[in-house]
Amino acid sequence: MKIFNQQQIKSLDKYTIEHEPIRPVDLMERAARTLKKSITDMLKPENEVVVFAGPGNNGGDALAVARMLAEQGTPVSVYLFNVDNKLSEECAINRERLKEQGKTKHFVEITQQFDPPQLDENIWVIDGLFGIGLTRPLSGGFASLVKYINASNARIVSIDVPSGLMTEDNTYNIQANIIKADVTLTFQQKKLAFMMADMQQYIGELHILDIGLSQDYIKRTETTFNILEKKDIQRLMKPRNSFAHKGTMGHALIIAGRYGMAGAAVLAAKACLRSGVGKVTALTPKENRIVMQTAVPEVVLHIDHEDNFFSEAIATEPFNAIGIGPGIGQEENTAIAFIAQLRRSQVPTVIDADAINILANHRAWIQQLPKGIVMTPHPKEFERLDGYDCNSDSERLFRAKDMAEKLQAYIILKGHYSALCMPDGRVVFNPTGNAGMATAGSGDVLTGIITALLAKGYERDEACLIGMYLHGLAGDLAAEALGQESMIASDIIDHLPQAFRHMNQRD
């Protein structure tokens with residue numbers, strides 16, 4: 001699914017109007033009918049509706065919905081804000097249609113003073129103040145109105161976007177001046193802001209409404225930001241050759257686990273095996289030997305000469321991919337061994353966890369990273385690597401995107417919607433996964449999965465996309481079976497076989 005920027009969203013509307021063809025006011029009417037149906041499904045007989053409409057097309061949508069709700073007998077009060085005496089053409093048309101119908105409980109057009117209505121728990125507020133065109137924070141009277149609505153006990157439905165929210169970057173927005181919607185009914189596609197964790201408090205429950213915008217425009221328009229879909233992954237996944245043997249299915253090296261962190265090595269190695277690789281070698285300290293051989297007997301061990309930590313790089317010729325970092329610690333000897341391993345590596349490499357923290361502590365080494373390196377930081381690990389404390393999730397995403405381009409790296413910024421930032425500037429969000437995966441070791445599992453896919457011969461972008469989708473899907477299947485609250489990382493590994501089977505099923 002594509003995510004359009006503000007200008008592309010406007011162009012999509014314009015293209016639809018010109019090529020369907022359809023008049024702008026009729027397209028607004030079509031959108032309003034879809035909105036009305038969704039809102040009607042939420043209402044109970046005792047509910048009343050209060051509509052706050054702005055002067056633009058978002059306000060026009062709200063006025064059209066108010067007319068339709070009033071027509072079916074819903075008690076509706078409408079407040080149209082026209083403080084500059086300048087309505088969009090479609091908003092003005094819908095104002096006249098609403099007044100001519102005359103079925104609303106109240107209709108007030110505000111040009112100067114505003115006496116706000118009482119908003120109690122039986123009220124549903126329809127927020128149609130501002131849509132996608134907002135480019136600066138709300139201020140003055142509109143900011144006060146937003147705060148008044150947010151402080152009420154009413155339920156809030158926002159049309160397209162919560163008023164005050166910018167569609168892309170809200171780093172320097174004034175968060176107190178953004179509507180906190182219970183439900184957002186957005187048109188056709190998600191907006192970039194909807195993918196940010198720190199914006200979820202404003203969006204509430206999100207519904208994407210198909211209002212018949214041009215599929216031709218959507219298909220042929222390239223976007224920087226996209227959301228993975230099951231069909232995308234199914235196209236990438238290769239069938240297993242009936243004559244395959246372990247020698248043809250790839251050999252992965254996992255470098256993980258200092259003393260006391262053998263579990264990280266276990267999780268990464270087991271996830272790697274469960275992802276279909278032919279053979280896994282784990283490089284780990286002596287003290288982890290018994291744990292590893294007991295927990296993952298299928299893994300070949302390469303024992304570091306140090307008892308407690310990774311201390312020496314090894315030759316990479318036997319391997320098809322390397323995953324390095326889970327639980328290795330940040331000893332200076334380990335740091336030196338890590339950079340030496342990267343310099344020796346001639347195969348695709350995934351770095352995670354302590355490996356990323358080592359880079360953050362030795363910033364000069366970042367420029368030595370081989371092109372095509374895969375990094376899987378969580379937000380704080382990325383900020384340490386970047387050397388900058390971000391003010392918002394969107395700022396962090398844009399900085400990760402810039403870093404991926406500069407380093408020619410693949411950076412998976414982990415989170416509810418993990419984002420793969422690629423060397424060519426594209427960003428792909430992963431829709432699978434859930435809050436039950438917020439548990440120690442989940443990242444180690446992801447490292448193992450991606451390393452396996454690389455070892456099996458997938459290109460870096462393919463391995464990252466398939467890996468993060470399967471990782472999240474296995475987590476969703478685990479949550480379905482066990483509930484989110486009690487999930488642990490090994491539950492994700494246990495559900496990887498089911499995730500692979502699920503991807504082989506065609507809808």
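1. Which residue in S17 does Ile-412 stand opposite? The coordinates are those of a predicted model, and in them the residue facing Ile-412 is Leu-420 of S17. The two strands concerned are S16, residues 410–413, and S17, residues 419–421; they run antiparallel and are joined by three bridges.

2. The pair S16 and S17 belongs to an open sheet of 11 strands with mixed pairing. Read across, the order is S1-S9-S18-S17-S16-S15-S14-S13-S10-S11-S12. The edges are taken by S1 (2–3) and S12 (300–303); each has a single partner strand, so one side of each has no neighbour in the sheet.

3. A helix covers part of this sheet: H16, residues 460–482, lies across S15 (374–375), S16, S17 and S18 (427–429). Its direction is at about 15 degrees to S16.

4. H3 (residues 57–71) and H4 (residues 89–101) have axes 8 Å apart and an angle of about 20 degrees between them. An angle under 35 degrees counts as roughly parallel, and H3 and H4 are therefore roughly parallel to each other. H3 passes H4 in a left-handed crossing.

5. On the H3 side, the contact with H4 is made by Asn-57, Gly-59, Gly-60, Leu-63, Ala-64, Ala-66, Arg-67, Ala-70 and Glu-71. On the H4 side are Glu-90, Cys-91, Asn-94, Arg-95, Arg-97, Leu-98 and Gln-101. By class, the residues of this H3 and H4 contact are six nonpolar, five polar and five charged.

6. H2 (residues 24–42) packs on H3 at about 60 degrees, with the axes 8 Å apart. That angle makes H2 oblique to H3, and the crossing of H2 and H3 is right-handed. H2 contributes Met-28, Glu-29, Ala-31, Ala-32, Arg-33, Leu-35, Lys-36, Ile-39 and Thr-40. From H3 come Asn-57, Gly-60, Asp-61, Ala-64, Val-65, Arg-67, Met-68 and Leu-69. The contact of H2 with H3 has nine nonpolar, three polar and five charged residues.

7. H2 also packs against H4, at an angle of about 65 degrees and with axes 10 Å apart. The crossing of H2 and H4 is right-handed. Here Pro-24, Val-25, Met-28 and Glu-29 of H2 meet Glu-90, Ile-93, Asn-94 and Arg-97 of H4. This contact of H2 with H4 divides into four nonpolar, one polar and three charged residues.

8. How many salt bridges does a search of the whole structure find? The count is 22. Glu-20 is in the loop between H1 (6–19) and H2, and Arg-30 is in helix H2, so placed that the pair, 10 residues apart, links distant parts of the chain. As background, side chains of opposite charge can pair when their charged atoms come close.

Conventions
Residues numbered from 1 in each chain as written. Predicted model: local features only at pLDDT ≥ 70, side-chain atom pairs only at ≥ 80, totals over all residues. Heavy atoms only, no water. Axes fitted to C-alpha atoms, helices over the stretch in contact; angles between N-to-C directions. Helix = DSSP H or I, 4+ residues; strand = E, 2+ residues; numbered from the N terminus. Parallel < 35°, antiparallel > 145°, perpendicular 65-115°, else oblique. Left-handed = near helix turned anticlockwise from the far one by under 90°. Contact = heavy atoms within 4.5 Å. Nonpolar A, V, L, I, M, F, W, Y, C, P; charged D, E, K, R; others polar. Pairing = 2+ DSSP bridges. Salt bridge = Lys/Arg side-chain N within 4 Å of Asp/Glu carboxyl O.
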